[in-house]
Amino acid sequence: MLRYQSRRHQRLMDESEQALWDMADTSRNRAGRIVHHVLNDANAHRMWESRHAELVRPVAEQGKRTPQVVALRAIEVSLVHRRAFIDHVRRNKVVAKERDKLFTTFYGPRDVTDAIVTEHKQYMLAVSSRVSADHLINVMCDPISSRLIKLYESVYAEYFDLYCYVSACEDSAAADAARLLMLDARKQAKLLRERIYAAQPDKRFADFDRQALLARSGRYPILDYMVG
């Protein structure tokens, strides 16, 4: 079992894992199936716990709500990046030889099957941590974070689609044209990241449904230990 650096760190991890169990128990969508697998595979669970503990450590080190929320947003941004490759493959239905070529472009001259397995493992861990991070932002009562992260997912997806096209394109003229679009999309993603980190959390709203769920379950109010 991992040792955590503080009481807040431990409770953040407890809450993060409970969010996974809640998802596994109530959802049969793709995220729910992934979370169910991670929770029920001992090796995957240990790896998730270790990596997620590192992700939330900067949150645990903060004692005030605003820097905690910003740290949670940084987690969400990093998880968008970690999911980008498989999200691109799924979104664009990249299969067969085209898929193998793309993995070879990113992973170099190694076994394609091994590269696919490695990337999928990382993706499953990232999806699981995203479920937990979404939950933590939700109970911190900041809909601004949710809206900005959703927008960032869309902007970064556009950039990454273009990046993959340019990386694998054999037509130099087409690649040059797409590269200009890619650079513009990258700039937009960078500007949005700056906005994500600078925007003040919304203090007017609270997710009453989530707070009521916590109260009914007998679990501690998360804000008490996030800011305490």
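In this predicted model, glutamate 194 and lysine 190 sit four residues apart in helix H8 (residues 172-198), about one turn of the helix. Their side chains meet in a salt bridge, with an N to O distance of 2.7 Å. Glutamate 194 is partly exposed, with a relative accessible area of 40%, and lysine 190 is likewise partly exposed, at 44%. This pair belongs to a total of 12 salt bridges in the structure.

A second salt bridge joins arginine 130 to aspartate 134, and here the closest N and O atoms are 2.7 Å apart. The two residues are four places apart in helix H6 (residues 112-139), so about one helical turn separates them. Arginine 130 counts as partly exposed, because its relative accessibility of 24% falls between the limits of 20% and 50%. Aspartate 134 is also partly exposed, with a relative accessible area of 31%.

The largest nonpolar core holds 59 residues, of which Val35, Leu72, Ile75, Phe103, Tyr152, Tyr156 and Ile196 touch the most other members. Two or more residues of this core come from each of helix H1 (7-26), helix H2 (30-40), helix H3 (42-60), H4, helix H5 (96-107), H6, H7 and H8. In soluble globular proteins, nonpolar side chains tend to be buried together. Phenylalanine 103 illustrates how such a residue is surrounded: leaving aside residues up to four places away in sequence, its contacts are Phe85, Ile86, Val89, Gly108, Val112, Ala115, Ile116 and Glu119.

Aromatic rings form a pattern of their own, with 12 aromatic pairs in the structure. In one of them, the ring centres of phenylalanine 85 and phenylalanine 160 lie 6.5 Å apart and the planes meet at 50°, so the pair is tilted. This pair links distant parts of the chain, since phenylalanine 85 belongs to helix H4 and phenylalanine 160 to helix H7, 75 residues apart. Phenylalanine 85 is buried at 5% relative accessibility, and phenylalanine 160 is buried at 8%. Ring pairs also join both residues to Phe103, Phe106, Tyr107, Tyr152, Tyr156, Tyr159 and Tyr163 in a cluster.

Helix H7 (residues 143-168) also contains serine 145. With a relative accessible area of 1%, serine 145 is buried. Apart from residues up to four places away in sequence, serine 145 touches Val69, Arg73 and Ile137.

Finally, the cysteines deserve a brief look. A disulfide is a covalent bond between the sulfur atoms of two cysteines. The structure holds zero disulfides. Cysteine 164 is buried, with a relative accessible area of 3%, whereas cysteine 169 counts as partly exposed at 23% relative accessibility.

Technical notes: Residues are numbered from 1 along each chain as its sequence is written. This is a predicted model: local features need pLDDT of at least 70, side-chain atom pairs count only at pLDDT 80 or more; totals for chains, interfaces and linings use all residues. Side-chain values use heavy atoms; hydrogens and water are left out. Buried means under 20% relative accessible area, exposed over 50%, partly exposed in between (1.4 Å probe, protein chains only). Contact means heavy atoms within 4.5 Å. A salt bridge is a side-chain nitrogen of Lys or Arg within 4 Å of a carboxyl oxygen of Asp or Glu. A nonpolar core is a set of buried Ala, Val, Leu, Ile, Met, Phe, Trp, Tyr and Cys residues joined through side-chain atoms within 4.5 Å. A disulfide is a pair of cysteine sulfur atoms within 2.5 Å. Rings of Phe, Tyr and Trp (its six-membered ring) pair if their centres lie within 6.5 Å; planes under 30 degrees apart count as stacked, over 60 as edge-to-face and the rest as tilted.
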